[in-house]
Amino acid sequence: MRSLLLIGYGFGLLLLQAALATLVSMQSFAPNLMLPIALALGTAPEVPLVKGATVCFVLGYLFDAFCGNPLGLQTFVLVATYMLARGASVRLLPHGAMFIAMFALLMSIVSGFSVLALRALFEKKSEILTYDFRGTLLVVLQSSLVTALLSPAVFAGVHRIESRSPQKADERPTLS
């Protein structure tokens, strides 16, 4: 049930971002709001590995389909980000708003360059190959900064969903 709530939360963030993009041009600083969800799941030790990877896979697929990316691109990067966060943070990293923002900034930069590299390698006529290095670096850094600024709020939503415990049979209200 919580997995479906997380997927719904991610889909809601995609809808919100798309609605906001119709009002404000976000071409050079579009955040990747699925990345903080993957990082939040990766840094939560109580989230089972398979559940987190599955949720990240579905969110990545939705992100690819929603944004018109080649299918599998963000899916791969999001699951890889989850696995990297899972391996690095279970015992090593502290939690807090500043940590979340810095971790999201670092991972967003890595994710952004990974997406650029994969698109340059696998697309025959990639627009990425026509960008200059300075312009590409600026776009990745702006997008990463916006992602980092929004990540504490996204983390809070994920932790609120993950902290919900299912009601046990004896705790459910009865209809008398």
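A: **The nonpolar core**

In this predicted model, the largest nonpolar core has 32 residues. Those with the most contacts inside it are Met 34, Ile 37, Leu 39, Leu 41, Cys 56, Leu 78 and Tyr 82. At least two residues of this core come from each of helix H1 (2-23), helix H2 (34-43), helix H3 (49-67), helix H4 (73-89), helix H5 (97-122) and helix H6 (133-162). The most is given by H2, with 7 residues. In soluble globular proteins, nonpolar side chains tend to be buried together.

Leu 78 shows some of the packing in detail. Leaving aside neighbours within four places in sequence, Leu 78 is in contact with Met 34, Leu 35, Ala 38, Cys 56, Leu 59 and Gly 60.

Cys 56, one of these contacts of Leu 78, has a relative accessible area of 0% and is therefore buried. Cys 67 has 42% relative accessibility, so it counts as partly exposed. The count of disulfides comes to 0.

Turning to charged side chains, a search of the whole structure finds 1 salt bridge. Glu 162 and Lys 51 form it through their side chains, at 2.9 Å from N to O. Because Glu 162 lies in helix H6 and Lys 51 in helix H3, the pair ties together parts that are 111 residues apart in sequence. Both partners fall under the 20% cut-off for buried residues: Glu 162 has 7% relative accessibility, and Lys 51 has 19%.

Notes. Residues numbered from 1 in each chain as written. Predicted model: local features only at pLDDT ≥ 70, side-chain atom pairs only at ≥ 80, totals over all residues. Heavy atoms only, no water. Core = buried A, V, L, I, M, F, W, Y, C linked by side-chain atoms within 4.5 Å. Buried < 20%, exposed > 50% of the residue type's maximum accessible area, 1.4 Å probe, protein only. Helix = DSSP H or I, 4+ residues; strand = E, 2+ residues; numbered from the N terminus. Contact = heavy atoms within 4.5 Å. Disulfide = S-S within 2.5 Å. Salt bridge = Lys/Arg side-chain N within 4 Å of Asp/Glu carboxyl O.
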